[in-house]
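This report concerns selected local features of one protein model. The sequence and the structure are shown first.

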Amino acid sequence: MTQKTDHANPSKNRTPRHRAREFALQGLYQWLLNNEDVRTIETHIRQAHGFDKADAEHFDALLYGTVKQVAELRAGLTPLIDREITQLSPVEHAALLIGAFELKNHIEIPYKVVINEAVELTKSFGGIDGHKYVNGVLDKFAATVREPEINAGRRG
């Protein structure tokens, strides 16, 4: 019998950036469900077990940046999804928002890394096939905001 841990994928070697994304996902999940003040959420998340191993600066950028740009991010995602955004599971919704935010605002992170990270978050915290949906939507979103990078990869 295996011991339970505090994380869905304990065997994976998680970088500080990945941990920041995990905590940002948890914060956005809470924000989406309860519409709580983001500062209250941040304070609570920072007290969570393992936060000291996360990239706190990236966590702040993701949590605050995504909340600040939520209307713009949703507007970019809406034409790419097959249902109302309110019909998405909160985990898929949060993962899509984080992925869209990083694709749009963190061009120093390769688009494939951003998409892979969002897929991994959805695998860890979401439903059975949610990661496939997140992958497909973010692939389309990347084509709209990272077209030069994607085209350069195809030529190389």
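The sections below treat a predicted model, beginning with a pair of helices and ending with a loop residue.

## Geometry of the helix pair

Two packed helices are described by the angle between their axes and the distance between the axes. For helix α6 (residues 111-125) and helix α7 (residues 130-145), the axes come within 8 Å and cross at roughly 155 degrees. Since angles over 145 degrees count as roughly antiparallel, α6 is roughly antiparallel to α7. The crossing of α6 past α7 is right-handed.

## Residues in the contact

On the α6 side, the contact is formed by Tyr111, Ile115, Ala118, Val119, Thr122 and Lys123. Their counterparts in α7 are Gly130, His131, Val134, Asn135, Leu138, Asp139 and Ala142. By class, the residues of this contact of α6 with α7 comprise seven nonpolar, four polar and two charged.

## Helix α6

Helix α6 consists of 15 residues, and the distance from its first C-alpha to its last is 21 Å, close to the 21 Å expected at 1.5 Å a residue.

The buried residues of α6 include Tyr111, Ile115, Ala118, Val119 and Thr122, each of which also belongs to the contact with α7. Val114, Glu117, Glu120, Leu121 and Ser124 are likewise among the buried residues of α6.

## Asn35 in the α1-α2 loop

The loop between α1 (16-34) and α2 (38-46) contains Asn35. Although Asn35 is not a glycine, its phi is positive, at about 50 degrees. With a relative accessible area of 60%, Asn35 is exposed.

Technical notes
Residues numbered from 1 in each chain as written. Predicted model: local features only at pLDDT ≥ 70, side-chain atom pairs only at ≥ 80, totals over all residues. Heavy atoms only, no water. Axes fitted to C-alpha atoms, helices over the stretch in contact; angles between N-to-C directions. Helix = DSSP H or I, 4+ residues; strand = E, 2+ residues; numbered from the N terminus. Parallel < 35°, antiparallel > 145°, perpendicular 65-115°, else oblique. Left-handed = near helix turned anticlockwise from the far one by under 90°. Contact = heavy atoms within 4.5 Å. Nonpolar A, V, L, I, M, F, W, Y, C, P; charged D, E, K, R; others polar. Expected span 1.5 Å × (residues − 1). Buried < 20%, exposed > 50% of the residue type's maximum accessible area, 1.4 Å probe, protein only.
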